[in-house]
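Have the picture ready as you read.

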Amino acid sequence: MKILVTGAYGLVGKSFQKIVKNSGNVQDEFFFLSRVDCDLRNTEDVYNTFETIKPDVVIHLASCVGGVYENMINNYNYFLDNTRLNLNIVDACNKFGVKRLINILSTCIFPDKGIVYPLTSDQLHNGLPHDSNIGYAYSKRILHLASKLLTKKSRNFQVINLTPTNLYGCDDNYNLESSHVIPGLIHKMYNCKNENIPLKINGSGASMRQFVYVDDLCRIIYRFIYLEVSDDNISVVVSPPVEDEIFISELVNEICKCFDYYNFYYDSTFSDGQLKKTASCDELLRYLPDFKFTSLEIGLKETVEFFVKNYYSVRK
Ligand code: GFB
(Lines give C-alpha, C1' and ligand atoms only; values in the text may rest on other atoms or scores of the structure.)
Protein backbone atom coordinates (compact mmCIF):
# COMPACT_ATOMS: atom_id res chain seq x y z
CA MET A 1 0.00 0.00 0.00
CA LYS A 2 1.00 3.64 -0.54
CA ILE A 3 0.45 5.73 2.58
CA LEU A 4 0.63 9.53 2.38
CA VAL A 5 1.23 11.40 5.65
CA THR A 6 0.57 15.16 5.72
CA GLY A 7 2.15 17.33 8.44
CA ALA A 8 4.94 14.77 8.78
CA TYR A 9 7.47 17.12 10.44
CA GLY A 10 5.43 18.50 13.35
CA LEU A 11 4.89 17.07 16.83
CA VAL A 12 2.72 14.16 15.66
CA GLY A 13 4.43 13.69 12.29
CA LYS A 14 7.95 13.33 13.71
CA SER A 15 6.70 10.83 16.29
CA PHE A 16 4.78 8.89 13.63
CA GLN A 17 7.88 8.64 11.44
CA LYS A 18 9.66 7.11 14.44
CA ILE A 19 6.84 4.57 14.97
CA VAL A 20 6.93 3.59 11.27
CA LYS A 21 10.73 3.22 11.36
CA ASN A 22 10.58 1.04 14.49
CA SER A 23 7.77 -1.09 13.02
CA GLY A 24 10.15 -2.72 10.52
CA ASN A 25 7.34 -2.43 7.93
CA VAL A 26 8.88 -3.00 4.50
CA GLN A 27 5.83 -3.96 2.47
CA ASP A 28 4.13 -0.54 2.53
CA GLU A 29 5.45 2.68 1.02
CA PHE A 30 5.18 5.78 3.26
CA PHE A 31 5.36 9.32 1.85
CA PHE A 32 6.08 11.92 4.54
CA LEU A 33 4.93 15.33 3.34
CA SER A 34 6.17 18.64 4.75
CA ARG A 35 4.81 22.11 4.01
CA VAL A 36 7.85 22.60 1.75
CA ASP A 37 6.83 19.60 -0.40
CA CYS A 38 3.26 20.82 -0.83
CA ASP A 39 1.23 23.86 0.29
CA LEU A 40 -1.95 22.02 1.27
CA ARG A 41 -3.93 25.27 1.05
CA ASN A 42 -3.23 25.30 -2.70
CA THR A 43 -5.71 23.01 -4.49
CA GLU A 44 -3.54 22.48 -7.59
CA ASP A 45 -0.49 21.67 -5.43
CA VAL A 46 -2.50 19.05 -3.54
CA TYR A 47 -3.96 17.48 -6.70
CA ASN A 48 -0.50 17.27 -8.30
CA THR A 49 0.89 15.59 -5.18
CA PHE A 50 -1.96 13.05 -5.05
CA GLU A 51 -1.69 12.40 -8.82
CA THR A 52 2.04 11.69 -8.46
CA ILE A 53 1.81 9.49 -5.36
CA LYS A 54 -1.66 7.92 -5.88
CA PRO A 55 -2.01 6.99 -2.17
CA ASP A 56 -4.26 4.17 -0.94
CA VAL A 57 -4.32 5.63 2.59
CA VAL A 58 -3.95 9.23 3.75
CA ILE A 59 -3.01 10.12 7.32
CA HIS A 60 -3.91 13.79 7.64
CA LEU A 61 -1.83 15.30 10.46
CA ALA A 62 -1.27 18.78 9.00
CA SER A 63 -3.00 21.73 10.66
CA CYS A 64 -2.24 25.31 11.68
CA VAL A 65 -2.71 25.37 15.44
CA GLY A 66 -1.21 26.68 18.66
CA GLY A 67 -1.87 26.89 22.35
CA VAL A 68 -4.89 28.64 23.77
CA TYR A 69 -3.32 32.12 23.56
CA GLU A 70 -2.12 31.63 19.98
CA ASN A 71 -5.56 30.31 18.98
CA MET A 72 -7.27 33.35 20.55
CA ILE A 73 -5.35 35.80 18.34
CA ASN A 74 -5.41 33.68 15.18
CA ASN A 75 -8.99 32.45 14.98
CA TYR A 76 -9.65 33.99 11.54
CA ASN A 77 -6.44 32.73 9.88
CA TYR A 78 -6.69 29.34 11.51
CA PHE A 79 -10.27 28.98 10.28
CA LEU A 80 -9.38 30.02 6.72
CA ASP A 81 -6.11 28.10 6.32
CA ASN A 82 -7.28 24.91 8.01
CA THR A 83 -10.62 24.86 6.19
CA ARG A 84 -8.85 25.28 2.84
CA LEU A 85 -6.33 22.52 3.49
CA ASN A 86 -8.90 20.17 4.99
CA LEU A 87 -11.28 20.48 2.02
CA ASN A 88 -8.37 20.07 -0.42
CA ILE A 89 -7.39 16.80 1.27
CA VAL A 90 -10.94 15.39 1.29
CA ASP A 91 -11.57 16.33 -2.34
CA ALA A 92 -8.20 14.93 -3.42
CA CYS A 93 -9.22 11.66 -1.71
CA ASN A 94 -12.37 11.79 -3.82
CA LYS A 95 -10.57 12.61 -7.09
CA PHE A 96 -7.74 10.10 -6.72
CA GLY A 97 -9.57 7.12 -5.23
CA VAL A 98 -8.07 7.06 -1.73
CA LYS A 99 -9.52 4.09 0.18
CA ARG A 100 -8.96 5.23 3.79
CA LEU A 101 -8.51 8.69 5.30
CA ILE A 102 -7.36 9.01 8.92
CA ASN A 103 -8.15 12.47 10.34
CA ILE A 104 -6.78 13.86 13.60
CA LEU A 105 -9.39 16.02 15.34
CA SER A 106 -9.15 17.32 18.91
CA THR A 107 -11.29 17.37 22.04
CA CYS A 108 -11.03 21.17 22.06
CA ILE A 109 -13.42 21.29 19.05
CA PHE A 110 -16.33 19.85 21.03
CA PRO A 111 -19.13 22.03 22.41
CA ASP A 112 -18.10 23.93 25.51
CA LYS A 113 -21.60 24.03 27.00
CA GLY A 114 -24.58 21.69 27.20
CA ILE A 115 -22.44 18.61 26.79
CA VAL A 116 -22.66 15.35 28.72
CA TYR A 117 -19.21 14.36 30.07
CA PRO A 118 -17.20 12.36 29.33
CA LEU A 119 -17.14 13.65 25.72
CA THR A 120 -18.45 11.15 23.17
CA SER A 121 -17.98 11.48 19.40
CA ASP A 122 -21.74 11.67 18.75
CA GLN A 123 -21.85 15.01 20.63
CA LEU A 124 -19.36 16.79 18.35
CA HIS A 125 -21.90 19.06 16.62
CA ASN A 126 -24.22 19.61 19.58
CA GLY A 127 -23.26 23.17 20.34
CA LEU A 128 -20.71 25.96 19.98
CA PRO A 129 -17.04 25.28 20.72
CA HIS A 130 -15.19 27.46 23.21
CA ASP A 131 -14.61 30.96 21.88
CA SER A 132 -10.82 30.75 22.38
CA ASN A 133 -10.40 28.41 19.40
CA ILE A 134 -13.68 28.66 17.46
CA GLY A 135 -11.84 29.10 14.16
CA TYR A 136 -9.73 25.95 14.48
CA ALA A 137 -12.69 24.06 15.93
CA TYR A 138 -15.02 24.77 13.01
CA SER A 139 -12.32 23.96 10.44
CA LYS A 140 -12.00 20.52 12.05
CA ARG A 141 -15.78 20.09 12.22
CA ILE A 142 -15.93 20.89 8.49
CA LEU A 143 -13.26 18.23 7.90
CA HIS A 144 -15.38 15.79 9.91
CA LEU A 145 -18.54 16.65 7.90
CA ALA A 146 -16.86 16.67 4.46
CA SER A 147 -15.28 13.27 5.16
CA LYS A 148 -18.64 11.84 6.27
CA LEU A 149 -20.39 13.19 3.15
CA LEU A 150 -17.73 11.65 0.93
CA THR A 151 -18.30 8.21 2.48
CA LYS A 152 -21.93 8.54 1.39
CA LYS A 153 -20.92 9.58 -2.13
CA SER A 154 -18.14 7.09 -2.74
CA ARG A 155 -18.62 3.37 -2.02
CA ASN A 156 -14.95 2.57 -1.69
CA PHE A 157 -13.94 5.23 0.87
CA GLN A 158 -13.56 4.92 4.64
CA VAL A 159 -12.78 7.65 7.15
CA ILE A 160 -11.44 7.21 10.64
CA ASN A 161 -11.51 10.31 12.86
CA LEU A 162 -9.17 10.07 15.85
CA THR A 163 -9.85 12.76 18.48
CA PRO A 164 -7.08 13.09 21.06
CA THR A 165 -7.14 15.18 24.22
CA ASN A 166 -4.15 17.53 24.76
CA LEU A 167 -1.02 16.14 23.09
CA TYR A 168 2.55 16.60 24.23
CA GLY A 169 5.93 15.12 23.47
CA CYS A 170 9.53 15.71 22.41
CA ASP A 171 9.24 17.37 18.99
CA ASP A 172 6.73 19.95 20.17
CA ASN A 173 6.72 23.69 19.58
CA TYR A 174 8.32 25.19 22.73
CA ASN A 175 7.77 28.83 21.77
CA LEU A 176 7.00 30.81 24.92
CA GLU A 177 3.98 32.57 23.35
CA SER A 178 2.46 30.15 20.82
CA SER A 179 3.03 26.77 22.49
CA HIS A 180 0.64 24.51 24.35
CA VAL A 181 0.83 24.34 28.13
CA ILE A 182 3.32 21.51 28.63
CA PRO A 183 6.06 22.69 26.24
CA GLY A 184 5.41 26.29 27.35
CA LEU A 185 5.89 25.45 31.02
CA ILE A 186 8.94 23.26 30.34
CA HIS A 187 10.65 26.09 28.44
CA LYS A 188 9.69 28.71 31.06
CA MET A 189 10.77 26.47 33.96
CA TYR A 190 14.11 25.83 32.27
CA ASN A 191 14.74 29.57 31.84
CA CYS A 192 13.56 30.54 35.34
CA LYS A 193 15.64 27.87 37.05
CA ASN A 194 18.75 28.96 35.11
CA GLU A 195 18.15 32.59 36.06
CA ASN A 196 16.86 31.68 39.54
CA ILE A 197 13.75 33.85 39.11
CA PRO A 198 10.08 33.03 39.87
CA LEU A 199 8.09 31.30 37.10
CA LYS A 200 4.88 33.11 36.05
CA ILE A 201 2.09 30.64 35.26
CA ASN A 202 -0.62 31.95 32.92
CA GLY A 203 -4.15 31.67 34.32
CA SER A 204 -5.38 30.39 37.66
CA GLY A 205 -4.33 26.74 37.40
CA ALA A 206 -7.96 25.76 37.98
CA SER A 207 -8.73 24.39 34.51
CA MET A 208 -8.60 20.65 33.98
CA ARG A 209 -6.98 18.64 31.19
CA GLN A 210 -6.08 15.10 30.17
CA PHE A 211 -2.79 14.60 28.36
CA VAL A 212 -1.83 12.06 25.71
CA TYR A 213 1.85 11.38 25.07
CA VAL A 214 2.27 11.82 21.30
CA ASP A 215 3.95 8.42 20.82
CA ASP A 216 0.78 6.78 22.16
CA LEU A 217 -1.37 8.58 19.58
CA CYS A 218 1.02 7.54 16.81
CA ARG A 219 0.95 3.88 17.89
CA ILE A 220 -2.85 4.12 17.69
CA ILE A 221 -2.76 5.78 14.25
CA TYR A 222 -0.45 3.04 12.98
CA ARG A 223 -2.83 0.30 14.16
CA PHE A 224 -5.82 2.01 12.53
CA ILE A 225 -4.09 1.91 9.14
CA TYR A 226 -4.64 -1.85 9.12
CA LEU A 227 -7.58 -2.37 11.47
CA GLU A 228 -10.62 -3.94 9.85
CA VAL A 229 -13.60 -1.70 10.71
CA SER A 230 -17.18 -2.42 9.67
CA ASP A 231 -18.39 1.19 9.30
CA ASP A 232 -17.21 3.55 6.54
CA ASN A 233 -17.17 6.47 8.95
CA ILE A 234 -15.95 6.06 12.52
CA SER A 235 -14.90 8.56 15.17
CA VAL A 236 -12.85 7.59 18.20
CA VAL A 237 -11.94 9.80 21.15
CA VAL A 238 -8.32 9.09 22.12
CA SER A 239 -8.05 9.82 25.82
CA PRO A 240 -6.56 8.30 28.94
CA PRO A 241 -9.14 7.25 31.56
CA VAL A 242 -11.35 9.94 33.13
CA GLU A 243 -9.46 9.55 36.41
CA ASP A 244 -6.28 10.80 34.70
CA GLU A 245 -7.83 14.28 34.32
CA ILE A 246 -5.77 16.76 36.36
CA PHE A 247 -5.84 20.42 37.32
CA ILE A 248 -3.26 22.61 35.59
CA SER A 249 -1.96 23.32 39.11
CA GLU A 250 -1.21 19.59 39.49
CA LEU A 251 0.56 19.60 36.12
CA VAL A 252 2.66 22.55 37.30
CA ASN A 253 3.76 20.54 40.34
CA GLU A 254 4.69 17.57 38.14
CA ILE A 255 6.89 19.79 35.96
CA CYS A 256 8.41 21.44 39.04
CA LYS A 257 9.39 17.95 40.23
CA CYS A 258 11.17 17.30 36.89
CA PHE A 259 13.28 20.43 37.41
CA ASP A 260 13.35 20.33 41.22
CA TYR A 261 12.33 23.99 41.11
CA TYR A 262 9.23 25.30 42.95
CA ASN A 263 9.49 29.06 42.69
CA PHE A 264 6.31 30.05 40.78
CA TYR A 265 3.18 32.19 40.96
CA TYR A 266 -0.11 32.43 38.98
CA ASP A 267 -1.08 35.43 36.84
CA SER A 268 -4.88 35.24 36.66
CA THR A 269 -5.05 38.11 34.19
CA PHE A 270 -4.40 35.37 31.60
CA SER A 271 -7.35 33.31 30.33
CA ASP A 272 -7.75 29.70 31.46
CA GLY A 273 -9.41 28.87 28.12
CA GLN A 274 -11.86 26.00 28.48
CA LEU A 275 -12.45 25.00 32.09
CA LYS A 276 -12.56 21.28 31.19
CA LYS A 277 -13.18 18.82 28.32
CA THR A 278 -13.35 15.55 30.18
CA ALA A 279 -13.03 12.51 27.91
CA SER A 280 -12.75 8.74 28.47
CA CYS A 281 -10.93 5.81 26.86
CA ASP A 282 -14.17 3.82 26.31
CA GLU A 283 -14.44 4.48 22.56
CA LEU A 284 -10.80 3.58 21.95
CA LEU A 285 -10.94 0.35 23.99
CA ARG A 286 -13.82 -0.84 21.81
CA TYR A 287 -11.30 -1.04 18.92
CA LEU A 288 -7.99 -1.55 20.77
CA PRO A 289 -9.00 -3.31 24.05
CA ASP A 290 -5.37 -3.94 24.98
CA PHE A 291 -4.11 -0.36 24.57
CA LYS A 292 -2.14 1.13 27.48
CA PHE A 293 -1.34 4.87 27.73
CA THR A 294 2.06 6.16 28.86
CA SER A 295 1.82 7.74 32.33
CA LEU A 296 2.19 11.54 32.55
CA GLU A 297 5.16 11.05 34.87
CA ILE A 298 7.09 8.98 32.30
CA GLY A 299 6.01 11.14 29.34
CA LEU A 300 7.01 14.36 31.10
CA LYS A 301 10.37 12.91 32.17
CA GLU A 302 11.20 11.92 28.57
CA THR A 303 10.01 15.27 27.19
CA VAL A 304 11.97 17.34 29.73
CA GLU A 305 15.10 15.28 29.16
CA PHE A 306 14.73 15.71 25.38
CA PHE A 307 14.22 19.47 25.74
CA VAL A 308 17.23 20.01 28.02
CA LYS A 309 19.47 17.80 25.84
CA ASN A 310 18.35 19.51 22.59
CA TYR A 311 17.75 23.04 23.91
CA TYR A 312 19.62 24.71 21.05
CA SER A 313 17.83 22.81 18.27
CA VAL A 314 14.22 22.41 19.46
CA ARG A 315 11.43 24.54 17.90
CA LYS A 316 11.10 27.59 20.17
O1 GFB B 1 -2.44 23.74 26.21
P2 GFB B 1 -3.23 24.99 26.15
O3 GFB B 1 -2.62 26.18 25.53
O4 GFB B 1 -4.54 24.68 25.32
O5 GFB B 1 -3.71 25.47 27.63
P6 GFB B 1 -6.02 24.27 25.65
C7 GFB B 1 -4.11 24.58 28.60
C8 GFB B 1 -4.31 25.30 29.90
O9 GFB B 1 -3.01 25.61 30.45
C10 GFB B 1 -5.07 26.64 29.89
C11 GFB B 1 -2.99 26.92 31.01
O12 GFB B 1 -5.98 26.60 30.97
C13 GFB B 1 -3.99 27.69 30.18
O14 GFB B 1 -4.49 28.77 30.95
N15 GFB B 1 -1.61 27.41 30.94
C16 GFB B 1 -0.84 27.72 32.02
C17 GFB B 1 -0.90 27.63 29.84
N18 GFB B 1 0.37 28.16 31.62
C19 GFB B 1 0.36 28.11 30.25
C20 GFB B 1 1.33 28.41 29.28
O21 GFB B 1 2.47 28.84 29.57
N22 GFB B 1 0.98 28.20 27.97
C23 GFB B 1 -0.26 27.74 27.61
N24 GFB B 1 -0.53 27.57 26.31
N25 GFB B 1 -1.22 27.45 28.52
C26 GFB B 1 -5.91 23.40 23.26
C27 GFB B 1 -5.91 24.03 21.91
O28 GFB B 1 -6.59 24.24 24.16
O29 GFB B 1 -6.57 22.15 23.24
C30 GFB B 1 -5.19 23.12 20.97
O31 GFB B 1 -5.25 25.29 22.01
C32 GFB B 1 -5.64 21.70 21.05
O33 GFB B 1 -5.28 23.61 19.67
C34 GFB B 1 -5.84 21.23 22.47
O35 GFB B 1 -6.83 21.56 20.34
C36 GFB B 1 -6.54 19.88 22.57
O37 GFB B 1 -6.10 22.93 26.24
O38 GFB B 1 -6.70 25.37 26.39
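Leu105, Phe110, Ser121, Leu124, His144, Thr163 and Ser235 line the largest cavity. On a 1 Å grid over the protein atoms alone, a cavity is a set of points where a 1.4 Å probe fits but cannot get out, and lining residues have an atom within 4 Å of a point. The volume of this largest cavity is about 40 Å³, where a volume is the space filled by probe spheres set on the points, joined across faces, edges and corners. Its lining divides into three nonpolar, four polar and no charged residues. Ala, Val, Leu, Ile, Met, Phe, Trp, Tyr, Cys and Pro count as nonpolar, Asp, Glu, Lys and Arg as charged, and the others, Gly among them, as polar.

This is a predicted model: local features need pLDDT of at least 70, side-chain atom pairs count only at pLDDT 80 or more, and totals for chains, interfaces and linings use all residues. Residues are numbered from 1 along each chain as its sequence is written, and side-chain values use heavy atoms, leaving out hydrogens and water.

Now turn to two helices (DSSP runs of H or I, at least four residues, numbered from the N terminus). Helix H8 (residues 248–259) packs against helix H10 (residues 296–309) at an angle of about 50 degrees, with axes 10 Å apart. Axes are lines fitted to C-alpha atoms over the stretch in contact, and angles run from 0 to 180 degrees between N-to-C directions. In contact (heavy atoms within 4.5 Å), Leu251, Glu254, Ile255, Cys258 and Phe259 of H8 meet Leu296, Leu300, Val304 and Val308 of H10.

Key:
On a 1 Å grid over the protein atoms alone, a cavity is a set of points where a 1.4 Å probe fits but cannot get out, and a pocket is an open set with protein on both sides within 12 Å along at least five of seven lines; lining residues have an atom within 4 Å of a point.
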